[in-house]
Amino acid sequence: MFSLEGRTALVTGARTGIGRALAVGLATAGADLVLHGRNDDLDEVEAEVRKTGRQVSRWILDLSDPGRIPEAAERLGRIDVLVNNAGIIRRAPAAEHPYAAFREVLDVNLDAIFLLSQAIGARMLARGSGKIITIASMLSFQGGVNVAGYTAAKHAVAGLTRALACEWAASGVQVNAIAPGYIKTGNTERLWDDPVREPEIRARIPAGRWGDPEDLVGAAVFLASSASDYVNGHLLAVDGGWLAR
Ligand SMILES: NC(=O)c1ccc[n+]([C@@H]2O[C@H](COP(=O)([O-])OP(=O)(O)OC[C@H]3O[C@@H](n4cnc5c(N)ncnc54)[C@H](OP(=O)(O)O)[C@@H]3O)[C@@H](O)[C@H]2O)c1
């Protein structure tokens, strides 16, 4: 039920952090991988995925110019599982938040996800099967501080996940999201490196620790596999209990 053998998964932002762990995790569960990178510097993650014995290819595209996605997606072969993971964060108080930073975050964290899901989803609909998994956030539910653009984008992808799920569920395409809690990656380095903020955050996590990227693999394998064929439009929190508090 959880085997991904015979499926091909595309993971965006596969070079580092959560994307890298999910690429290796999906391959371990049996999927062949298309690794997406902003630049062609994916040797390390590709070597890790190859150790699982699965097929690997690359798709290189800077997602900060989302208008290029439809044409670039034509170069892709069959994709059974799309993981919309690539994302950025820009921190500044809302009153001074530069509009350019707000737009930059929306382009990568929302527009690119819509256009890629549309391009790949259309082919999934024609085949009558497919899985789309978007990496959302605690800030798909909460407001956060100093991250207006990021929070706006992460709330928006929660809505987009539900909207696509409603339209595509009857055609055999499941669209869901994973909402990670506080995970130790480059994205959160400024927080876990901060001697004041880090213990404050940890004290609020019922599990008593930050998550590792590997903590998200189980949820991704579930949402990529036939075990989740009747799960549609769900945001699965993997947060050590953060939202339950
Ligand atoms: N860490 C957390 O606690 C946490 C919590 C909730 C949600 N998330 C979400 O998880 C996802 C992955 O983040 P992460 O924590 O693993 O951070 P990360 O290590 O910084 O990874 C982000 C990935 O996105 C790629 N990317 C960024 N801008 C891009 C662009 N313009 N074009 C193509 N690729 C681009 C990066 O590519 P390069 O390597 O080339 O820069 C990188 O591979 C994001 O959507 C993030 O919002 C993270």
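Contact here means heavy atoms within 4.5 Å. A few friendly notes on the model follow.

1. This is a predicted model, in which local features need pLDDT of at least 70, side-chain atom pairs count only at pLDDT 80 or more, and totals for chains, interfaces and linings use all residues. Residues are numbered from 1 along each chain as its sequence is written, and side-chain values use heavy atoms, with hydrogens and water left out.

2. Serine 140 sits in the loop between strand S5 (130-135) and H5; helices (H or I, at least four residues) and strands (E, at least two) are DSSP runs, numbered from the N terminus. Leaving aside residues up to four places away in sequence, serine 140 touches Lys154, His155, Ala158 and Leu235. Its relative accessibility is 8%, so serine 140 counts as buried (under 20% relative accessible area, with exposed over 50% and partly exposed in between; 1.4 Å probe, protein chains only).

3. Lysine 154 is worth a look too: its backbone oxygen lies 2.8 Å from a polar atom of the serine 140 side chain. Lys154 is also among the H5 residues that meet H4.

4. Helix H4 (residues 99-127) and helix H5 (residues 148-168) pack at about 15 degrees, with axes 8 Å apart. Axes are lines fitted to C-alpha atoms, for helices over the stretch in contact, and angles run from 0 to 180 degrees between N-to-C directions. The two helices are therefore roughly parallel (angles under 35 degrees).

5. Leucine 125 belongs to helix H4 and is partly exposed, with a relative accessible area of 28%. Not counting residues up to four places away in sequence, leucine 125 touches Trp168, Ser171 and Val173.

Methods:
Parallel < 35°, antiparallel > 145°, perpendicular 65-115°, else oblique. Polar contact = N/O pair within 3.5 Å; in protein donor to acceptor, adjacent residues only side chain to side chain.
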